[in-house]
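Work through the exercises below with the model open. Try each task before reading its solution.

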4 protein chains.
Amino acid sequence: MMVKVGIINVTGYVGMELARLLHQHPQVELASITGRSAVGQRLGEVLPHLADIDLVIEPELGEVTLVFSALPHKTSVEAVAAALERGIKVIDTSADFRLREAKEYQRWYDFAHPAPQLLAEAIYGLAELNRHQIASSRLVANPGCYPTGAILALAPALKEELIEPDIIVDAKSGVSGAGRTLSLGTHFAEANENVSAYALEGHRHLPEITQELSGLNPELPIAVTFVPHLVPMSRGILTTCYAKLKEGREGQGELEKGMRELYREFYRDEPFIRVVDAPPQTKQTLGTNLCLIHPTIDPRTQRLIIVSCIDNLVKGGAGQALQSMNLMLGLPEGMALEGSAVYP
Amino acid sequence: MMVKVGIINVTGYVGMELARLLHQHPQVELASITGRSAVGQRLGEVLPHLADIDLVIEPELGEVTLVFSALPHKTSVEAVAAALERGIKVIDTSADFRLREAKEYQRWYDFAHPAPQLLAEAIYGLAELNRHQIASSRLVANPGCYPTGAILALAPALKEELIEPDIIVDAKSGVSGAGRTLSLGTHFAEANENVSAYALEGHRHLPEITQELSGLNPELPIAVTFVPHLVPMSRGILTTCYAKLKEGREGQGELEKGMRELYREFYRDEPFIRVVDAPPQTKQTLGTNLCLIHPTIDPRTQRLIIVSCIDNLVKGGAGQALQSMNLMLGLPEGMALEGSAVYP
Amino acid sequence: MMVKVGIINVTGYVGMELARLLHQHPQVELASITGRSAVGQRLGEVLPHLADIDLVIEPELGEVTLVFSALPHKTSVEAVAAALERGIKVIDTSADFRLREAKEYQRWYDFAHPAPQLLAEAIYGLAELNRHQIASSRLVANPGCYPTGAILALAPALKEELIEPDIIVDAKSGVSGAGRTLSLGTHFAEANENVSAYALEGHRHLPEITQELSGLNPELPIAVTFVPHLVPMSRGILTTCYAKLKEGREGQGELEKGMRELYREFYRDEPFIRVVDAPPQTKQTLGTNLCLIHPTIDPRTQRLIIVSCIDNLVKGGAGQALQSMNLMLGLPEGMALEGSAVYP
Amino acid sequence: MMVKVGIINVTGYVGMELARLLHQHPQVELASITGRSAVGQRLGEVLPHLADIDLVIEPELGEVTLVFSALPHKTSVEAVAAALERGIKVIDTSADFRLREAKEYQRWYDFAHPAPQLLAEAIYGLAELNRHQIASSRLVANPGCYPTGAILALAPALKEELIEPDIIVDAKSGVSGAGRTLSLGTHFAEANENVSAYALEGHRHLPEITQELSGLNPELPIAVTFVPHLVPMSRGILTTCYAKLKEGREGQGELEKGMRELYREFYRDEPFIRVVDAPPQTKQTLGTNLCLIHPTIDPRTQRLIIVSCIDNLVKGGAGQALQSMNLMLGLPEGMALEGSAVYP
């Protein structure tokens, strides 16, 4: 029997990507979708590429076992709490449950978190690090797109204490990462043929990156400089991470090849992580739940450079949420996430 | 049991797209791949986005029931003949079997076709028009990308004798249509931020379009002006067709809505054709086997305008070839072609 | 002594392009700029690429000899009338003075034109056709971007009565043509990797095209089908025009080469028209006031195909306006418009 | 009287951009152009966007006062030596004279430099650092595109000893930086919708960056990690530099604003450097010789982050070469380089 699931706010980029992926799931039925606009319309009227999905956008969530909230931050928390009260498992793709400390929401998102008790309960939905907790959780906070690329790139090096905890994360994202809300910066003629850095004063994904990296090795005083960049493409994030090799580590032969073996070992059984021998390209992940990771060493400066690639809307959004759903429902983790990249 | 199939020349864009689609087919096994270069290498080394496919590029085709030849024109004909001799069914994605008259190859492709007897046997692989012949054929000529978009857009109007046979086809294609062979015109910095018309003296897809449209209504003396354009995107073809409504037709009420109903009726049971109410966008077909068609009437000039959209590498290439394969193998026609578009 | 000019609404794409071009003019001084937003700010704060222009955005136009109104249609007419009353010459880049008949504004723009007497006076600012009237005018209506490409492509053929007056104009425009106002269709992730036709029910530039083409040969009952398309680039319009050769014309040897000579002759002394032997590319005009035109004949259908390319913001907007300004001020027509295209 | 100059190898991207810029120079005449291909053809036949330049591509350089060699590295050195022998001043846009030590050519370019005595004489053509030497030189080595962005971003901080000499340079370049020679990585369908890091093992621009930064403060043992990235646009480089503030510096109030003032002071009279208050965008420099620099401090990690933007073909290539030419000919440094960016 098919498990019924729903999507709250299907009309944003993560919401619509969830619908696309769920529609091809053999054991899950997308049974209810809601939207902040377009209520009462068929999904295919609003999003023609999803015309195969025979659903009407409803004002309220129907009967489902699990729901994805794809609302923006601040507005998601309420919908999540309501669903949990109805006994529905929740995967929240907003930031509302990613940070463990309520006060961080005050600082970074400028709002008093109304449900701190749920923060304590929420599991950070990065299956590669928290597989078991996700499987037994009723509330999963789906990671941000930038944190996904950064944490997966850095986790092995930090956990194995290969690097100094002073880290630079330079990320390059496609424009869909900014969502479907209109802005001058994402207006085609402005974003096209253009690259820029932004949020130099501190991007909201920074506390999330720091929190999760710190969790990997609680004694290390992690310091991260994170600079996101906008590049003229629709999808994809390439993350370049830089950190000094820990003293003593250089001499132990963990050069290039050894480093790559260590990464391979760390991610040995992961279905969606590929440690690759050549610098990866974002396009090699387009439409997939993959994270490609390429660790390398700058021999001139004894610095570890790790490059990772994801599709920000799949592994960095809807795909990773589906991966968590599969775990929470006791289904094979990779179900409905097997396709290869649409290339070129 | 899985049916074994092969791909000759997997390293071009159609070849690699065939591999992507076949890999997700539940009843067909991609068992043998060959390449003109990279023989002996694993597929994932050459095409990292296909690393999940555990195959080595071989010099010769192995034992298979059906093979796709994704060689360029002129070189494909020989490989096709050899496979047929081995009793292997063939779908040829080159132009080598699309034209019925051998002399047309002399005229348009500048070579003497070495197997005219096979031309007589080959079925033009547009399932929407030739479903039954494809199913019982051993040799299918997969349509060109431009002809696919043009013929599907025009077939109902021509067959129902709604339009004068004097037709303009103005097509806009993404750059992957030019293939993977390097050229200045497809060099990124030249093709980016640029639109151009080309092959104004006569594109090789013109005889194919004329031949198939003529076949729909043999009495009509079809005259087609076809102008292809290159637009700065990787995938997609948008085709805009123009033809005068037949005299008498204007008065019969086949305006806009009626026209759309007629198109809907014509394509009623087609799994991959969608007659849409709003102008379609190529991106709504990205990665899918769909053809979106929007017929409309210019009331000021009594001209029928039909816009169609496809992904040139799927419905205009590998996807359509798979559709024919499903028919030839007695499998459900849409198998492994169900996914929605990767949007945005 | 420098002539002082102004720009009303400098913050749109045509307004800012006017500022860029005027800033490099050796005999004209950009002396006053106004905006609907950002009043009181330095131009460089609002538009960093114009930081060299040391001006503050004012609420009201200062003392100038000539002004460009770059307001949107409907709102421009009032500003234009006010400037004329102050004795200032005006070039209006909106549509408000392009159509000669006030009733056409009701039909196409859904507003009652408040100054029909000025319509009678306004000169359509296509220097190639109306050079002398522009020079002696105090009110010039700067042509729309699509009409510029279409009219320049078709004028010689119509004037010389080479073609039947039943014409198809299939135009492909970069996204800046839609202006700087935000919309989902011009949101980067939606417009990128996408081509679409729009305004199939009738684009507002159609009456403008028809009016001007009809003026070329008043006896001919011109019928134009015009379909604009959006392509994923910032700038540029490529226009493909189709029309049957007039009967009798085919036999008179006006084939290909003759046709090109006729076009060359027609545009012999034009500084910004280039009749080219190979299909032109929009990128070859980027940043310039050029219009490249390539007339050719489809020998199979006796149809004239004319391809033209412009930069929609220069020859299709600000550059053409400057060209008219030069004429109105008695300056060399091409002044400040000499640069070659920024390519690639 | 006009000074005659020439371009050796006009058909590459730097060569053609030199032609574009020189053509609008009021005191210099482009008198001779050579090419490795297309000898005997008019420039406009080969490069239609330069049809205004009435020159034929010659096999040998004519009589000129100064020449730009736009040949690729290894092949340029000979042409440069020959021109110098003829008494012609040379600006070499290849890498052949950028490194001071001949042995570095062995190491990084894999060839024995045939003219080490000229290396000693060549001036590194970064006017902002070497203005006077350039003016009196007969041989200028035009900086690489990446080094230009990196050195200008870092020079003030290093010279003023604000930062530790352990530096990360993460650069994002448009595809034209890879030149006009065809390759799979610059094939449109591969480079489009794609971001990748490359040359992680050590890019050839690294020794150039290190050499010049070391020259700024010879006592400091500079260590640079440099990672270039390819982004899907034609032009532009955005460089993000990271370095720790020197101990003691944090407390001295060189925060954000002070830092910016220091940068402003350093570049006070520079015509082409703009220290900007908001993160700059590459598009704001398109077609111009500008370098926009935005220094900022990450208060959480006491790290200086400097973002710079250039047009890789202008300030990172032909424009900078023209700037040096103006100095060498005693002309105003900014002549023919005044235009604002073509935006959007």
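**Exercise 1. The sheet of chain D**

In what order do the 7 strands of the open sheet in chain D lie, and is the pairing parallel or antiparallel?

*Solution.* Note that the model is predicted. Step 1: trace the sheet across. The order is S3-S2-S1-S4-S5-S7-S6, and the pairing is parallel. Step 2: find the ends. Strand S3 (57-58) and strand S6 (123-124) of chain D are the edge strands, as each pairs on one side only. Step 3: check one end in detail. Strand S2 (residues 28-34) of chain D pairs with S3(D) over 2 bridges, in the parallel sense. There, Ile33(D) stands opposite Ile57(D).

**Exercise 2. A strand in chain A**

Determine which strands are joined to S4(A) by bridges, and whether its faces are buried or exposed.

*Solution.* Step 1: take one partner. Strand S1 (residues 3-8) of chain A runs parallel to S4(A), joined by 4 bridges. Step 2: take another. Strand S5 (residues 89-92) of chain A is also parallel to S4(A), again with 4 bridges. Step 3: go to the residue level. Phe68(A) is the bridge partner of Ile7(A), and Phe68(A) also stands opposite Ile91(A) in S5(A). Step 4: inspect the faces of strand S4 (residues 66-69) of chain A. Leu66(A) and Phe68(A) are buried on one side. Val67(A) and Ser69(A) are buried on the other. Both faces are therefore covered, taking buried to mean 20 or more other C-beta atoms within 10 Å.

**Exercise 3. Two domains of chain A**

Locate the domains of chain A and describe how they touch.

*Solution.* Domain 1 spans 3-121 and domain 2 spans 146-312. Step 2: get the separation. The C-alpha centres of the two domains of chain A are 27 Å apart. Step 3: count the contact. Domain 1 of chain A contributes 9 residues and domain 2 of chain A contributes 7. Step 4: find the main supplier on the domain 1 side. Helix H4 (residues 102-109) of chain A gives the most, with 3 residues. Step 5: classify that side of domain 1. It has 5 nonpolar, 1 polar and 3 charged residues.

**Exercise 4. The nonpolar core**

Which residues touch the most other members of the largest nonpolar core?

*Solution.* Step 1: the core holds 435 residues. Step 2: Leu154(A), Leu154(B), Leu154(C) and Leu154(D) touch the most other members. Step 3: list contacts for one copy. Beyond its neighbours within four places in sequence, Leu154(C) contacts Ile167(C), Leu213(C), Cys241(C) and Ile306(C).

**Exercise 5. Chain against chain**

Relate chain B to chain A, then describe the contacts of chain A with chains B and D.

*Solution.* Step 2: count the contact. It involves 24 residues of chain B and 24 residues of chain A. Helix H1 (residues 13-23) of chain B makes the largest contribution to the chain B side, 3 residues. That side divides into 10 nonpolar, 9 polar and 5 charged residues. Step 3: compare surfaces. 100% of the interface residues of chain B are also interface residues in chain A, so the copies meet through the same surface. Step 4: turn to chain D. Here 36 residues from chain A meet 36 residues from chain D. On the chain A side, S10(A) has the largest share, 4 residues. By class, that side has 17 nonpolar, 11 polar and 8 charged residues.

Terms used:
Residues are numbered from 1 along each chain as its sequence is written. Chains are lettered from A and ligands numbered from 1 in the order in which they are written. This is a predicted model: local features need pLDDT of at least 70, side-chain atom pairs count only at pLDDT 80 or more; totals for chains, interfaces and linings use all residues. Copies are superposed by least squares on the C-alpha atoms of residues with pLDDT of at least 70 in both. Ala, Val, Leu, Ile, Met, Phe, Trp, Tyr, Cys and Pro count as nonpolar, Asp, Glu, Lys and Arg as charged, and the others, Gly among them, as polar. Domain bounds come from an automatic or database domain assignment. A nonpolar core is a set of buried Ala, Val, Leu, Ile, Met, Phe, Trp, Tyr and Cys residues joined through C-beta atoms within 7 Å. A residue is buried if 20 or more other C-beta atoms lie within 10 Å of its own, exposed if 12 or fewer, and partly exposed in between; C-beta atoms are placed from the backbone. Two strands pair if DSSP finds at least two bridges between them.
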